[in-house]
Amino acid sequence: MGAVVHTQREVRRARYAVAAVFAVHGAVTGSFATRVPWIQDHAGVSAGQLGLALAFPALGASLAMPLAGGISHRFGARNALRGLLALWTLALVLPALAPNLLTLCLALFVYGATAGMSDVAMNALGVEVENRLDRSIMSGLHGMWSVGAVVGSAAGTLAAHLGSDARLHHALAAAVLTVVGFAACAWVLDLQPAEDEEPPPRFALPPRSALLIGAIGFCAVFAEGASLDWSAVYLRDQLETSAGLAAACTTGFTLTMAVARIAGDRVVDRYGAVRTVRASGVVALLGGLLIVSARHPAVAMTGFALMGLGIAVVVPLCFAAAGRSGSNPSLAIAGVATITYTSGLIAPSAIGMLAQATSLMVSFMLVTLLTCGIAGFAGVLRAGDRVKVTRPDAAVPERRP
């Protein structure tokens, strides 16, 4: 099959389309997260049973993500993303329909599987657009995911405040997001495999390069999960603050992450991925040191804000490097995504178990130690440097995934 040519105008349009896809993906997550208490009551499960059920999205994602490459190979990148994103947005309705623990676990497994496959597909297309534009966009794309999550959370908070049935809320949200996602996918790059290209295996171990890159992502996501779930508890229990101030700490953490991701591409373009991640690791380390040494809430809140600032761009840059690290970008991205999903799954419970055995301060000493890995292993991202484009105004021949 001959190479398809895309002009720079088409590639720029594809950038905005992928950004919209990221926002839709984040909005589904935000919509779900705000209605978890309603879902728990409807299914009649205890806190412990809910914790078990909430492990199933990560399990489903980890098992399904390697399938994304094969789906893209068979149907083309655009059709694959359109279908997988629609499955993800429509899967939003399933958890609220579950009447018991078993059906809730099954619903969340499907929810996670569709989330993971669409995640791999949109990140692979994001990397392709970044390569063609020859400048960093992955940080901004993940920033759009955060924006979508905030919008979805805000709508969910309003729905919960009004006492609406989550089944109705999620049905309406799924319908709107499916339409928006379907429209956005019409403008993404339509990558097709070459006629003689072998389809990827259905299941395969990720390449070694993805394991090394994933190790950095593991450290960053562990710190993110620990900070999101435990920052408010840390301020309340360790520093005896009010509930409102504790919640404000978590809000500050998420805001610094979102702002840093949206602004991070300019930093990456100027200093490169390796130096940016090394500096990010140092900032996160400083934040961790402030957290564990804090004797005043303001110091701890500053520490969590620095933690958010330091880890914000790490995962986007890991995906970008994985997509350029070998001959099969989808497989490499799936490998990195699996590692980061696993980190996000185990981080909150690991922090809790260690805190029960020792203290929360000791738990965040572990988080601080892991941030050293971000700076220490940043050099592995060097293999993912972008190939320079010598004629930015010329038509760009399509590269095969």
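## A walk through the model

Start with the cysteines: a search of this whole structure, which is a predicted model, turns up zero disulfides. Select Cys 318 and look for its closest cysteine sulfur, which sits in Cys 219 at 9.3 Å. That is too far for a bond, since a disulfide needs the two sulfur atoms within 2.5 Å. While you are there, note that Cys 318 counts as buried, at 0% relative accessibility. Now jump to Cys 185, which is likewise buried at 0% relative accessibility.

**Into the core**

Next, select Ile 311, Phe 364 and Leu 381. Within the largest nonpolar core, which has 110 residues, these three touch the most other members. Then colour helix α8, residues 101–133: this helix supplies the largest share of the core, 15 residues.

Go back to Ile 311 and show its surroundings, hiding neighbours within four places in sequence.

For a contrast, select Leu 94, Leu 97 and Val 110, which make a nonpolar surface patch of about 220 Å². Leu 97 lies in helix α7, a run covering residues 94–97. With 49% relative accessibility, Leu 97 counts as partly exposed, because the exposed class begins over 50%.

- Select Arg 324 and Glu 130: their closest N and O atoms are 2.7 Å apart, in a salt bridge. This pair links distant parts of the chain, with Arg 324 in the loop between α14 (314–323) and α15 (329–357) and Glu 130 in helix α8, 194 residues apart. Both Arg 324 and Glu 130 are buried.
- Move on to Asp 165 and Arg 167, whose side chains meet in a salt bridge at 2.7 Å, N to O. Asp 165 is partly exposed, with a relative accessible area of 27%, and Arg 167 is partly exposed too, at 37%.
- Finish at Arg 236 and Asp 237, where the N to O distance in the salt bridge is 2.8 Å. Arg 236 is partly exposed at 46%, and Asp 237 is partly exposed at 41%.

Terms used
Residues numbered from 1 in each chain as written. Predicted model: local features only at pLDDT ≥ 70, side-chain atom pairs only at ≥ 80, totals over all residues. Heavy atoms only, no water. Core = buried A, V, L, I, M, F, W, Y, C linked by side-chain atoms within 4.5 Å. Buried < 20%, exposed > 50% of the residue type's maximum accessible area, 1.4 Å probe, protein only. Helix = DSSP H or I, 4+ residues; strand = E, 2+ residues; numbered from the N terminus. Contact = heavy atoms within 4.5 Å. Patch = residues over 30% accessible without salt bridge, like charges linked within 9 Å, V, L, I, M, F, W, Y side chains within 5 Å. Areas by Shrake-Rupley, 256 points an atom, 1.4 Å probe, with all protein chains shown as cover. Salt bridge = Lys/Arg side-chain N within 4 Å of Asp/Glu carboxyl O.
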